[in-house]
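Subject: Structure handover

Hello,

Here is the structure I said I would pass on. Please open it first, then read the notes below it.

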Amino acid sequence: MIFGRKYTFSDHDTGQRRSFTHKIERGPKRVFVSPVLEEIRIVKLELNTTELKVSVKSKSELPIELDIECMWMIDTRHASLHNTMGEWVDGGLEPAIIERIEKHAVLICAELEPDEIYKRGSRVCQRLQQEVGSDISSLGLRILTIVITHLTDEIGYFEKLEKKLEERKSTAL
């Protein structure tokens, strides 16, 4: 993607000030549009993976740390592709995705007890994917998957819960 700094000028006919990322030069029989080149960056249109750690609190106020992996891509068929490129130029797409995942993870986990988060992790991921996906679609992005890869807490609640489940499985066999 090639982009440049805004070129501002006053329209002599209307007196209004206008801004463009290109400059129009008129001659006697031709018009030349020259970009005001500032920088060139490469946009990755294929699959992107973002890994992050999100600190949340459950309904019972247990501090939990989620390791989340998100696979996303730019939806080139989307009508808001110019929004995507604007967000990308302003600071990148990944920070925008991380911000939204963190926001929705905090809201979703605040409604659930720790054992619900642990036992129904796939439902939490589905809900997170739906909510982040609808939020991020305005930027012309598509969330393919969101997976919670690991859960930890300060008091070892999840380790105890995992041991109980393993004991139940071993006694059932």
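Two strands count as paired if DSSP finds at least two bridges between them. With that in mind, the bridge partner of S55 in β8 is E65. Please note that this is a predicted model.

**Strands**

How many bridges link β7 and β8, and in which sense do they pair? β7 and β8 are antiparallel, with 10 bridges between them. The hairpin that β7 and β8 make leaves 5 residues between the strands, and E61 there has a positive phi near 70°. β8 also pairs with β9: these two run antiparallel as well and are joined by 11 bridges. On that side, W72 has I143 of β9 opposite.

**Nonpolar core**

As a general point, nonpolar side chains in soluble globular proteins tend to be buried together. In this model, the largest nonpolar core consists of 31 residues. I64, L66, I68, I101, L141 and I146 have the most contacts inside this core. At least two core residues come from each of β7 (48-57), β8 (63-74), α2 (93-109), α4 (121-136) and β9 (141-153). Which of the elements gives the most to this core? The answer is α2, with 7 residues.

Leaving out residues up to four places away in sequence, I64 touches V54, S55, V56, S58, I117, L151, T152 and F158. One of these, S55, is the residue whose bridge partner is E65. Another, F158, comes up again below.

**Aromatic rings**

A pair of aromatic rings is described by the distance of the centres and the angle of the planes. There are 2 aromatic pairs in the structure. One is formed by Y118 and F158, which are stacked, at 5.9 Å centre to centre with 25° between the planes. This pair links distant parts of the chain: Y118 lies in helix α3 (residues 114-119) and F158 in helix α5 (residues 157-172), 40 residues apart. The other pair is Y157 with F158, and this one is edge-to-face, at 5.8 Å centre to centre and 75° between the planes. Y118, Y157 and F158 together make one aromatic cluster.

Is F158 buried or exposed? F158 has a relative accessible area of 3%, so F158 is buried, as buried means under 20%. Y118 has 24% and is therefore partly exposed. Y157 is partly exposed too, with a relative accessible area of 29%.

Regards

Conventions: Residues numbered from 1 in each chain as written. Predicted model: local features only at pLDDT ≥ 70, side-chain atom pairs only at ≥ 80, totals over all residues. Heavy atoms only, no water. Core = buried A, V, L, I, M, F, W, Y, C linked by side-chain atoms within 4.5 Å. Buried < 20%, exposed > 50% of the residue type's maximum accessible area, 1.4 Å probe, protein only. Helix = DSSP H or I, 4+ residues; strand = E, 2+ residues; numbered from the N terminus. Contact = heavy atoms within 4.5 Å. Phe/Tyr/Trp six-rings, centres within 6.5 Å; stacked < 30°, edge-to-face > 60°.
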